[in-house]
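This report concerns a single protein chain. Please consult the sequence and the structure shown below.

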Amino acid sequence: MQKLGTPLLLVLIAVAAIGPLALNGVLPATSAVMADLDTRYERAQLVLTVFLAANLFSQLILGPAADRYGRRPVMLFSLTIFVLGSLVCAMAATIEVLLAGRFVQGVGGAVCVFLPRTIVRDIYSQGKAASMIGYMTTAMMVAPLFGPAMGGWITDNTSWRLMYYLLAALALVLCLASWRFQPETLAVQSVDGATRARESFFASSMKLLQHRGFLACTCMLAGVVGVYYGFLSGAPYIAMESRGMSASSYGIWFAMVATGYLSGNLVAGRFSESLGVDRMLLIGYVPFITGVALFWLLLPLPHPVALFLPMMFVAFSNGVSLPSMFTLAMSFRPELAASASGLAGSVQTAFGVILSVSAGYLLPMADIWLFVLLTVSALLSVAGLILLRRYR
């Protein structure tokens, strides 16, 4: 069986890490962006919403493109776009230019969401792929573990623009490394040796959306990741605007969330192959439901632990179950693995966009709206689990 070489594995880990880093590393700068670009919270928090929206549309296009043209050219193209978007953000003089740069950055950043795990799925069987994705995500979480803290420190001590310059430099290095070390892993030949037909975007999407198992996995993914996206959107407002935390303090406390996710990935890497994806899914829902319940139980407590301890449980759950969810979603139609990964990622991102926009309008009214949104997202994921169990 083919295996991931060390240089390629390191490149995939770094590519997968730059996506979460671009997503949450800039969030502690929200208040600084509001002051520097003279804008309100509803517009400043769109740096998350626009990034997610760009991810959504880009995954829908790049997923089928990776099945049609190959993994390598899509990777190189996307990282180049990411570099350009990061530079636009760094030099933005208005909130409109910043949001335009975030959209371009999000288009390129979509590859970080689905392509590394697709390449792993190209090489390994289902159980082994879930285990490898777990280990790969464990390593890649080192960057998001320090990302918000680094972003907060940069914001407080230099300028929020420096974070975008650093993202551009990192993406450029990864583009060169991908050009050097990434082979093409797309299997062009079918089992009988005939050239496999390449599906169009609409054809592959329709085939996947007609599969009940894929739909169930997509609901699970949208709900589970929606809680994470909703927290990323609303927590900076509650922590810094409502409760007076500094950007640096927010970044330090956010390390609890990253630590929870990291720990969950270690569990997934260790046990996914031996226990199987179905058992890992069920195990992951225990801390997930616990975390959502803790949001409500700790609601009267103004201390940061009331925000970050429940989310640590949810993040641990995500680390345990997400590798199995994505592996399963890509396994219903193996010949459309990249399309399945991209489509599932797009749906979950679309739900995240809805949550982040809703948080932007509702949170200035009352903090409790964040926990309402997170609960709705959790219920969607549980509904997906029920549908999957019935299908299986």
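The text that follows treats confidence and then salt bridges.

The structure is a predicted model, in which local features need pLDDT of at least 70, side-chain atom pairs count only at pLDDT 80 or more, and totals for chains, interfaces and linings use all residues. Residues are numbered from 1 along each chain as its sequence is written, and side-chain values use heavy atoms, with hydrogens and water left out.

The chain has a mean pLDDT (the predictor's confidence in each residue, from 0 to 100) of 81, and 88% of its residues reach 70 or more. Helices are DSSP runs (H or I, at least four residues), numbered from the N terminus. Confidence is highest in helix α5 (residues 71-90), with a mean of 93, and lowest in helix α7 (residues 126-140), with a mean of 64. Over residues 188-197 the pLDDT is below 50, and this stretch has eleven contacts in the model beyond near neighbours in sequence; contact means heavy atoms within 4.5 Å. Where pLDDT is low, the predicted coordinates should not be read in detail.

Two salt bridges are present in the structure. The term denotes a side-chain nitrogen of Lys or Arg within 4 Å of a carboxyl oxygen of Asp or Glu.

| Salt bridge | N to O distance |
|---|---|
| D36 and R161 | 3.4 Å |
| R43 and E96 | 2.8 Å |

Because D36 lies in helix α2 (residues 30-36) and R161 in helix α9 (residues 161-181), their pair ties together parts 125 residues apart in sequence. The other pair links R43 in helix α3 (residues 41-44) with E96 in helix α6 (residues 95-123), distant parts of the chain that are 53 residues apart.

D36 is partly exposed, at 42% relative accessibility; this class lies between buried (under 20% relative accessible area) and exposed (over 50%), with a 1.4 Å probe and protein chains only. R43 is also partly exposed, at 33%, and E96 is partly exposed at 44%.

Key: Helices (H or I, at least four residues) and strands (E, at least two) are DSSP runs, numbered from the N terminus.
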